[in-house]
Amino acid sequence: MQFKNSLSGILLLLTISGFTLKTNKGMNAVIKRWVVSQTSNLSVNGSTNVNKFTCVIPSCPLQDTLTVTGSAEQAVVLSGRIKLPVSSFDCHISPMTRQLRETLKEKQFPVLYIRFLSLSRLPVMTAAPAEITGLVDIEIAGISKRFEVAYQLSQDAQQIVHLRGTRVVNFSDFNLIPPTKLGGMIKTRDALSVDFQLNMKEL
């Protein structure tokens, strides 16, 4: 009986110790889930040999969710993706809007994706925008490329998280030919500045 009691005590101690170690190991881990608001938007800024242009997707029709996992001592994972309809692009000039959608192969690939992969550090939520970087996969016309993105991250008084990301990409990164007009007299340059503004609420 004494042996059984001792054995039971040891097993109980090991169970408690194991639970404590597991808890301590993950104690500093932070998990945040952000729901992307429909007020989020994306813009691309480019230029031709005669002028500059801006095309926008003014809102996110789907409420996607992003998840932040990590700690100050570990790599920080930012997972999730946003899906944006190519048909939502508006360049404020109808022929240019139509030409951009055709260049992005809207009929074959009606959606572009931004997949979030990581952050350079654990974000600290403040009213003043904090600069941070992260990796994303951008998929356009069925081609996915990985980029490092410069972010500005903040949280306002209404607890809305604002994540602004900026990155220069090229049409050629996605095997696309920049559009031209007037028989090639007006040529769009290869480089585009992609700027997305995500407004999110923490779950």
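The points below run from the overall fold to single residues.

1. **What we are looking at.** This is a predicted model, in which local features need pLDDT of at least 70 and side-chain atom pairs count only at pLDDT 80 or more, while totals for chains, interfaces and linings use all residues. Residues are numbered from 1 along each chain as its sequence is written, and side-chain values use heavy atoms, with hydrogens and water left out.

2. **Overall fold.** The protein has two helices and 12 strands, taken as DSSP runs numbered from the N terminus (helices H or I, at least four residues; strands E, at least two). Along the sequence they follow the pattern α-β-β-β-β-β-α-β-β-β-β-β-β-β. Among contacts (heavy atoms within 4.5 Å) with a separation of 6 or more, 60% join residues 24 or more positions apart.

3. **Surface and interior.** The accessible surface comes to about 11800 Å², and carbon and sulfur atoms hold 58% of that; the areas come from the Shrake-Rupley method with a 1.4 Å probe, and for residues only the protein chains shown count as cover. Of the 203 residues, 36% are buried. Here buried means under 20% relative accessible area, exposed over 50%, and partly exposed in between (1.4 Å probe, protein chains only).

4. **The disulfide.** How many disulfides does a search of the whole structure find? There is one, a disulfide being a pair of cysteine sulfur atoms within 2.5 Å. C55 and C91 form it, with their sulfur atoms 2.0 Å apart, and at 105° about the S-S bond the link is right-handed. C55 sits in strand 3 (residues 52-57) and C91 in the loop between strand 5 (76-85) and helix 2 (94-103), so the pair ties together parts that are 36 residues apart in sequence. Both C55 and C91 are buried.

5. **Around S43.** S43 belongs to strand 2 (residues 41-47) and is buried, at 14% relative accessible area. Leaving aside residues up to four places away in sequence, S43 touches T54, C55, V56, S193, V194 and D195. One of these, C55, is a partner in the disulfide.

6. **The core.** The largest nonpolar core has 44 residues, of which L42, F89, F116, Y151 and L198 touch the most other members. Such a core is a set of buried Ala, Val, Leu, Ile, Met, Phe, Trp, Tyr and Cys residues joined through side-chain atoms within 4.5 Å. Strand 12 (residues 191-202) gives the most to this core, with five residues. Beyond residues up to four places away in sequence, L198 has contacts that include V36, L66, I82, F116 and V161.

7. **Strand pairing.** Two strands pair if DSSP finds at least two bridges between them. Strand 4 (residues 65-70) and strand 5 are antiparallel over three bridges, and V68 has L78 as its bridge partner in strand 5. These two strands make a hairpin with five residues between them. Strand 5 also pairs with strand 6 (residues 111-119), antiparallel over eight bridges, and there P85 stands opposite V111.

8. **Helix 2.** Which residues of helix 2 are buried? They are M96, T97, L100 and T103. Seen down the axis, the buried residues fall within an arc of 130° and so line one face of helix 2; the arc is that of the directions from the helix axis to the C-beta atoms. S94 and E102, on the other side, are exposed. Strand 3 and strand 10 (180-181) are among the elements covering the buried residues of helix 2.
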